[in-house]
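Here is a short walk through one structure. Keep the sequence and the 3D view side by side.

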Amino acid sequence: MTRIVILGGGPAGYEAALVAAQHEASVVLVEEDSVGGYCVAYDCVPSKTFIASAGVRAGFRRNADMGIEVEEEAVVDLPRVNSRVKGLALAQSGDIKATIQRAGVRVIDGRGRFRAAEDNSATHDIEITPSNGSATEVVTADVVLIATGASPRVLPDAVPDGKRILTWRQLYDLQELPEHLVVVGSGVTGAEFVSAYSELGVPVTLISSRDRVLPHEDPDAAATLEEVFTERGVTIEPRSRADKVVASAEGVRVTLSDGREVTGSHALMTVGSIPNTGDLGCDAVGLELRETGHITVDRVSRTSVPGVYAAGDCTGLLPLASVAAMQGRIAMWHALGEGVSPLRLKTVASAVFTRPEVATVGIGHKQVESGEFAAREVLLPLGTNPRAKMQGLDRGFVKIFCRPATGVVIGGVIVAPVASELVLPLAMAVQNNLTVDDLAHTFSIYPSLSGSVTEAGRRLMQHDDLD
Ligand SMILES: Cc1cc2nc3c(=O)[nH]c(=O)nc-3n(C[C@H](O)[C@H](O)[C@H](O)COP(=O)(O)OP(=O)(O)OC[C@H]3O[C@@H](n4cnc5c(N)ncnc54)[C@H](O)[C@@H]3O)c2cc1C
Ligand SMILES: NC(=O)c1ccc[n+]([C@@H]2O[C@H](COP(=O)([O-])OP(=O)(O)OC[C@H]3O[C@@H](n4cnc5c(N)ncnc54)[C@H](O)[C@@H]3O)[C@@H](O)[C@H]2O)c1
């Protein structure tokens, strides 16, 4: 029986554990905080739960346009919002732990690291320091999966104090909404919190080191979001790098690299993450880390050391829960001798949970513009969609990229309130080499937002048969 030790119980670790247990390996999962990982405890799950509450308040604000007056302002009870966020995360962690234990995985609450190996040893020894203070345990493994995730990057002159200067993981301890939130960093995390807090009625200033919010996303999508943010009263400071953040009893003072200062009641630092690989004893097994601290892996999650795999945010490949989970499963299939398809990042779908949401899949604007991929494209504004009109939605679009000759769908972008749900037909098209004709001939519901996906397909159909 193959002995497997998994370090870290996030999506990469727990999905790997389920696969390995299903294949009758002996599996030990070591998790020092909570099963489900940072994903469930502090990052993905809490942020999306918080955003769901913000969305309820936003719904109230839109009622007047729909002819429904709500007499009183919707009141945000932040402690209740936060307690729902934490309760849901705790319950989900419990569910996952129970599921993997039922599958036969041994879960150890503790911190794991490599122990120096004897030369030419085919196995690896993992030293585990239990969280409850009991004696260190050493477990020998034929295969080790490193799935230790990443943690918020801290700027040396802007160290979070958990009160005024906050990482996204500390937001759920606030008792009251900030009077004025300064968000530093305009990546996906920053954009999602700018959206949620502005929906909750909090004045927000966004310090963006780039020309625009969401520098890695589709430019039309980013422009739509900037318009929405500005309309909601968000102040955006483009091309502004925060050098320093100082907290006082009154609030925070953010010093930008050009000397300007921005003040607020709280600062939320969303300036990226660093991998949790520094204290794993990687050198004990000869595993070299990249300069960023990430672990290099191939498309079946192998590291440079035989018997050691890595998956998820610690590899820095594409920091998404869905990708982490797939990397973890692939690692176990490969290690246990199953037939396995290497990871295909070009088919990954992702969403930014702002309001409206931005969902993307496959090849995007940057790769088409640079000439890396030849494509025809269409952008269909949501304002033309009957269901959108009924729901009072005037923002958003469906964009599709297809191969010029064959019409095979290679990418898409949707900006809409439920873009994260609407993107699935495009993801299926990209994954399965479907064409715009396939989309065009698919029945969509009338009226529905997804009607814009099939309509965009029709707009890209070629009317000659010479291709
Ligand atoms: C604010 C925010 C929102 C996000 N929203 C989304 C989203 O909507 N959708 C999406 O797909 N992705 C989202 N992500 C990304 C997603 O959270 C990560 O990609 C995902 O958590 C990566 O999973 P992982 O398994 O690599 O590790 P993690 O979830 O980071 O878990 C790693 C675990 O390893 C444990 N660990 C670390 N070192 C050790 C050790 N030595 N021994 C034992 N245990 C250890 C940690 O305690 C932790 O529990 C979001 C990220 C952030 C920051
Ligand atoms: N909905 C989702 O799926 C979701 C949500 C959040 C995060 N994520 C994942 O996490 C990854 C990381 O996202 P992120 O937003 O946390 O980090 P990021 O690294 O993508 O963005 C951080 C931003 O902060 C800026 N920055 C850095 N230092 C700065 C400074 N001193 N002043 C001002 N700006 C500064 C950077 O230029 C960058 O644009 C994403 O790529 C995504 O894969 C996913």
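A residue is buried if 20 or more other C-beta atoms lie within 10 Å of its own, exposed if 12 or fewer, and partly exposed in between, with C-beta atoms placed from the backbone. This is a predicted model: local features need pLDDT of at least 70, side-chain atom pairs count only at pLDDT 80 or more, and totals for chains, interfaces and linings use all residues. Residues are numbered from 1 along each chain as its sequence is written, while chains are lettered from A and ligands numbered from 1 in the order in which they are written.

Start with the annotated positions. An unreviewed UniProt entry lists a "binding site" that includes Val188, Glu192 and Gly272. Such annotations may be inferred rather than shown by experiment. The listed residues span 88 residues in sequence, yet no two of their C-alpha atoms are more than 13.5 Å apart, so they gather at one spot.

Now take valine 188. Helix α5 (residues 188-199) holds it; helices are DSSP runs of H or I with at least four residues. Valine 188 counts as buried because it has 22 C-beta neighbours inside 10 Å. Beyond its neighbours within four places in sequence, valine 188 is in contact (C-beta atoms, placed from the backbone, within 7 Å) with Leu214 and Val352.

Glutamate 192 also has its place in helix α5. Is glutamate 192 buried or exposed? Glutamate 192 has 24 C-beta neighbours inside 10 Å, so it counts as buried. Setting aside neighbours within four places in sequence, its contacts are Ser47, Ile51, Val352, Phe353 and Thr354.

Key
Helices (H or I, at least four residues) and strands (E, at least two) are DSSP runs, numbered from the N terminus. Two residues are in contact if their C-beta atoms, placed from the backbone, lie within 7 Å.
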